[in-house]
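Me: I have a structure open and would like to go through it with you. Could we begin with the sheet arrangement?

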Amino acid sequence: MSKKEFRVAVCGATGAVGQEMLATLAQRDFPASEVIPMASARSAGKTVQYKGQDLTVVEMTEDSFTGIDVALFSAGGGPSEKFAPAAAKAGCVVVDNSSAWRMDPECPLVVPEVNPQDLDWHKGIIANPNCSTIQMVVALQPLHLEAGIKRVVVSTYQAVSGSGQEAIDELEEQTRRLMNGKPIVAEVYPHQIAFNCLPQIDAFLDDGYTKEEMKMVNETVKIMGDSNIKVTATTVRVPVFYGHSESVNIETREKLTAEDVRTLLAAAPGVTVVDYPEKLAYPMAIDSAGEDDVFVGRIREDNTIENGLNMWIVADNIRKGAALNTVQIAETLIERDLLRVP
Ligand code: A2P
């Protein structure tokens with residue numbers, strides 16, 4: 001049997017996702033005997049809030065993980081690559097939010113609503129998928145089980161919070177300066193993000209796609225466990241603080257009507273259907289902020305192909321796209337009695 005309470009490290013606790021992880025652990029009353037916030041040496045000694053208390057941030061080193069049961073990482077790819085193996089070696093189960101381990105065949109890539117069974121073969125490091133992928137697969141899985149998805153064409157409208165606290169600050173600062181007729185500087189993004197859309201997220205690859213686009217392609221197949229699903233993506237950064245939106249076109253093997261999709265998604269875990277055009281009601285980023293669910297609306301049949309559908313999928317990228325999914329993975333590990341390296 002698992003222990004009843006666990007020592008939990010939050011790695012990257014001063015960052016945008018780390019802060020949300022602390023809030024999510026507290027809100028869901030995660031069975032933690034102790035929460036240890038970790039960050040770089042820059043933040044050691046600072047305090048962060050957990051359940052109304054000040055916790056002192058400690059520097060993350062390779063020796064930090066002795067006696068820790070589970071570590072929720074959101075400190076970026078470099079620190080994950082460096083510290084996650086040391087943590088796993090110390091017997092701590094890592095749930096990592098960076099892209100460092102996602103496509104490693106030794107690491108499960110998990111969205112609890114879709115593939116909780118993949119946790120059963122973990123070896124100490126579990127990867128949390130990319131935010132845009134998580135919200136899409138939560139909505140796709142029930143349709144795939146019913147009708148078999150052949151192809152997905154997705155365009156994203158992604159909030160700046162996905163790039164961390166510095167990007168949130170950059171959008172705010174640029175907006176304020178432009179409204180006051182002052183010149184702006186772009187540091188986090190290669191171009192102005194305020195009042196603009198940037199069709200580039202992450203670095204370009206040789207074939208013209210970006211890394212973010214290929215994350216959506218490859219991670220979807222790994223999570224849904226079906227290499228026959230073809231995905232093509234265009235990922236765009238928009239001047240929104242919280243909440244990623246996605247226009248998703250799918251082709252299925254069997255016919256699904258728009259009403260079938262509404263019925264399937266209304267019964268799906270973690271999904272709320274908001275699809276009432278007559279009331280001008282559809283999912284919007286501003287309504288998703290702070291919410292747990294993935295919101296789906298604008299569900300229509302695509303009449304240009306035999307079995308096609310269009311829909312609009314929105315979720316809080318920091319919550320379901322990152323912190324909440326990570327905490328849900330830790331909760332599912334406990335449910336399945338897996339919160340120890342097998
Ligand atoms: P720090 O505040 O000490 O820089 P965001 O994604 O919002 O930018 O946050 C990144 C998080 O990752 C912060 O908590 C940051 O801590 C942490 N971090 C960055 N680099 C390291 C590192 N080398 N070791 C530990 N934590 C790190």
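Reply: Please note that this is a predicted model. It contains an open sheet of six strands in the order β10-β9-β11-β14-β13-β12, with mixed pairing.

Me: Which strands stand at the edges of that sheet?

Reply: Those are β10 (230-237) and β12. Each has a single partner strand, so one side of each is left without a neighbour in the sheet. From one strand to the next, the twist averages 25°.

Me: How many bridges pair β12 with β13, and in which sense?

Reply: Three bridges pair β12 with β13 (residues 294-302), in the parallel sense.

Me: Now to β1. Is it largely enclosed or open?

Reply: Strand β1 (residues 6-11) is largely enclosed by the rest of the structure, because five of its six residues are buried.

Me: Which strands does β1 pair with?

Reply: One partner is β2 (residues 32-39), joined to β1 in the parallel sense over six bridges. Cys-11 stands opposite Met-38 in β2. Between β1 and β2 the chain passes through helix α1 (residues 16-27), and this β-α-β crossover is right-handed. Strand β6 (residues 70-73) also runs parallel to β1, with four bridges joining them; there, Val-10 stands opposite Leu-72.

Me: Changing topic: how many salt bridges are there?

Reply: The structure holds 19. One of them joins Arg-102 to Glu-219, with the closest N and O atoms 3.2 Å apart. This pair links distant parts of the chain, 117 residues apart: Arg-102 lies in the loop between β7 (93-96) and β8 (125-127), and Glu-219 lies in helix α5 (residues 211-224).

Me: Are those two residues buried or exposed?

Reply: Arg-102 counts as buried at 5% relative accessibility, and Glu-219 is buried as well, at 2%.

Me: What about Arg-28; which residue does it bridge to?

Reply: Arg-28 forms a salt bridge with Asp-292, where the closest N and O atoms are 3.8 Å apart. Arg-28 is partly exposed at 31%, and Asp-292 is likewise partly exposed at 30%. Salt bridges with shared partners join Glu-20, Arg-28, Asp-292, Arg-319 and Glu-331 into one network.

Me: Last one: which residues form the nonpolar patch on the surface?

Reply: The patch consists of Leu-280, Tyr-282, Met-284 and Ile-286, with about 430 Å² of accessible area together. Leu-280 sits in the loop between β12 (271-273) and α7 (285-288).

Me: Why does Leu-280 count as exposed?

Reply: Its relative accessibility is 63%, and exposed means over 50%.

Key. Residues are numbered from 1 along each chain as its sequence is written. This is a predicted model: local features need pLDDT of at least 70, side-chain atom pairs count only at pLDDT 80 or more; totals for chains, interfaces and linings use all residues. Side-chain values use heavy atoms; hydrogens and water are left out. Patches are made of residues with over 30% relative accessible area and no salt bridge: like charges are joined within 9 Å, nonpolar side chains (Val, Leu, Ile, Met, Phe, Trp, Tyr) within 5 Å. Accessible areas come from the Shrake-Rupley method with a 1.4 Å probe; for residues, only the protein chains shown count as cover. A salt bridge is a side-chain nitrogen of Lys or Arg within 4 Å of a carboxyl oxygen of Asp or Glu. Helices (H or I, at least four residues) and strands (E, at least two) are DSSP runs, numbered from the N terminus. Buried means under 20% relative accessible area, exposed over 50%, partly exposed in between (1.4 Å probe, protein chains only). Two strands pair if DSSP finds at least two bridges between them. A crossover is right-handed if, with the strands pointing away from the viewer, the path from the first strand over the helix to the second runs clockwise. Axes are lines fitted to C-alpha atoms, for helices over the stretch in contact, and angles run from 0 to 180 degrees between N-to-C directions.
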